[in-house]
Amino acid sequence: MKLRTLTLGLLSASALAFAAHAESITIATVNNGDMVRMQKLTDDFTAKNPDIQLNWVTLEENVLRERVTTDIATKGGQYDVMTIGTYEVPIWAKQSWLLPLDKLGDDYDTKDIIPAISGGLSVDGKLYAAPFYGESSFVMYRKDLMEKAGLTMPDAPTWDFIKQAADKMTDRANGVNGVCLRGKAGWGENMAFLTAMSNSFGARWFDENWKPQFDQPEWKNTLQFYVDLMKADGPEGASSNGFNENLALFQQGKCGMWIDATVAASFVSDPKNSTVADKVGYALAPDNGLGKRGNWLWAWSLAIPAGTQKAEAAEKFVSWATSKAYAELVASKEGWANAPPGTRSSLYANPEYQKAAPFAKMTLDSINAADPKQPTVKPVPYVGVQFVAIPEFQGLGTTVGQLFSAALAGQSSVDDALKQAQDAATAAMTEGGYIQ
Amino acid sequence: MARAVTPQHKTIATAAAWIVALLIFFPILYTVITSFKSEQEAIQGFNLFPSGTMESYSEVQAQSGYFKFFLNSVLLSVGSTILALLVAIPAAWSMAFSPTKRTKDILMWMLSTKMMPAVAVLFPIYLIFRDTGLLDSRIGLMIMLMLINLPIVVWMLYTYFREIPGEILEAARMDGASLWNEIVYVLTPMAVPGIASTMLLNIILAWNEAFWTIRLTTTEAAPLTAFISSFSSPQGLFWAKLSAASTLAIAPILIMGWFSQKQLVRGLTFGAVK
């Protein structure tokens, strides 16, 4: 008995001593499905790296953005790995707030990352964040309603076709709206959609001299088309709808078409939560024949703040979570359809993934169709498809988003909203020193 | 002349009170109902009758350990309340029994600090916490919660103390009681209902505080507010899980409030009717 107690005591002491030596890293992330899955699978990482412990901090997207910005700007050192988006990476890398990821390992295969995605996460040829999952936007539509309307969705539709189809699919008596689009104000909500849409109309936020362009006919055409389309065929109270609200409407069979993030495909085709899972078709985001489509490009990525004391352990984790082996791990546990999409070319070349994810090809085509460095028809002085990668954009984008949301709600006219957007953008650019 | 209360008046008043109470309580009730739905049920519009699944609760518990957050909430709310009382009782005593011509101004100034939006001082506070090593520490957050609730605690205690006749304290002094004995053995026992209700209210305020508790913590000191925040998602529907997390977070404080409602109401209405 005494020997057993002694052995147990020694074992416990060893375990405590080991725990004291193990390095712990803190990872800040969002509560998206793929991120939650990663947390569940970390036993694989800790088994391979027993000297590293993982602490997770999961926050709502806006709170996460505010928390990590505060921490990184003040060098608070609270996080060793941060989940950030394509918008933050170039800005933070230029401020030297992020460490370049140059020790991801020999078998990491950086060249396998989809070029459009890695381009948005690199500055001066150096990768500053590793993509965990990437997305573009495309059209999700009800095949049964399209057939009932007597139409066939082309792989690459035009905005005129979307309008025609929406008009025919709208059936107010049965609660079906022809089209559901984002209307909720915010730089990452309605302005992500409208900025991407405006690219296909030839509009741009700024000309080469940073002069705002909301007074140009391209923006008038974009906003007028959007407001008219939503008034005729959109859901009631559309100015309050963001991603989640439209997802709920589509899953309940209340939308004929929904143009939004490609990551939504796995939600709308999931029979557990979607009443229309077996009736969904996919097409590229619409265009107007000007050579640019209305789709965006985004990647939730893992980056390491410059203030961390545990860079080596953090990079090991980033390498594990964004590797090809991780996608295989997810596939072995939860099936290929749940592998994090939009980051690696090898995933899209995998026949098993192609079979499990019918939206795979359309997702890859959409991602490849977006060019963050040349997002619209005319030249621009900024990087970003559905955003402008400058620090002022969060505030300005949300202000313009509120004006456009008000126009959708009928609280102001399209002309008034554009005039106010022009004034707000001019003031912000002058204050920021972009316009002398 | 007092107006007669007829049975009809009483019935109408009771019905009105019930309606108001239900309106106030309904969001909490619907959160609890939603927590017993599947995610698909949760998005299918208004429905008061859930399928009764416990799926969300088990997923919430599996995804992030509830008890660590719960323990932090208890420690932070009780700790900050004790700290607040230690500072506020002498302050309120001084202002109630030895007022100066500036006492009212000081009270107003204290209250005015509650009128400033918290986000305005986020950066200075964050830098102070960083430089003093208080980020993600329970003691740092206890001090923060104590400071933000202190004006209310001082105001409430001041109101209660003002109701206690000063002559009783004078009598104690004449019997040779020291200042310490006067506060501990004479004033405090007489103000117990007031102190108890102040304590309860402060615990509730500290329990529900979400701005600072989310922004100054990461893993070690994070309370239930951070636990709820982790279930909100920009991409994906997690309404049932979010409701389950909210129910788990508010249940302890709701139960405490239910059992102590008599003391709370007595304390809050103390001195309201003479």
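Helix α10 (residues 217-233) of chain A has 17 residues and spans 24 Å from first to last C-alpha, close to the 24 Å expected at 1.5 Å a residue, the expected span being 1.5 Å times one less than the number of residues. Helices (H or I, at least four residues) and strands (E, at least two) are DSSP runs numbered from the N terminus. The model is predicted: local features need pLDDT of at least 70, side-chain atom pairs count only at pLDDT 80 or more, and totals for chains, interfaces and linings use all residues. Residues are numbered from 1 along each chain as its sequence is written, and chains are lettered from A and ligands numbered from 1 in the order in which they are written.

Buried residues (20 or more other C-beta atoms within 10 Å of their own, C-beta atoms being placed from the backbone) of α10(A) include A:Trp219, A:Leu223, A:Tyr226 and A:Asp233. Among the elements covering the buried residues of α10(A) are those tabulated here.

| Element of chain A | Residues |
|---|---|
| α8 | 159-169 |
| β7 | 177-180 |
| α9 | 190-200 |
| α18 | 393-408 |
| α19 | 414-431 |

In chain B, the axes (lines fitted to C-alpha atoms over the stretch in contact, with angles from 0 to 180 degrees between N-to-C directions) of α7 (residues 138-162) and α10 (residues 192-208) come within 10 Å and cross at roughly 155°. α7(B) and α10(B) are therefore roughly antiparallel (over 145 degrees).

Chain B has 25 residues in contact with 28 residues of chain A, contact meaning C-beta atoms, placed from the backbone, within 7 Å. α6(B) gives the most to that side of chain B, with four residues.

Terms used. Parallel < 35°, antiparallel > 145°, perpendicular 65-115°, else oblique. Contact = placed C-beta atoms within 7 Å. Buried ≥ 20, exposed ≤ 12 C-beta atoms within 10 Å, placed from the backbone.
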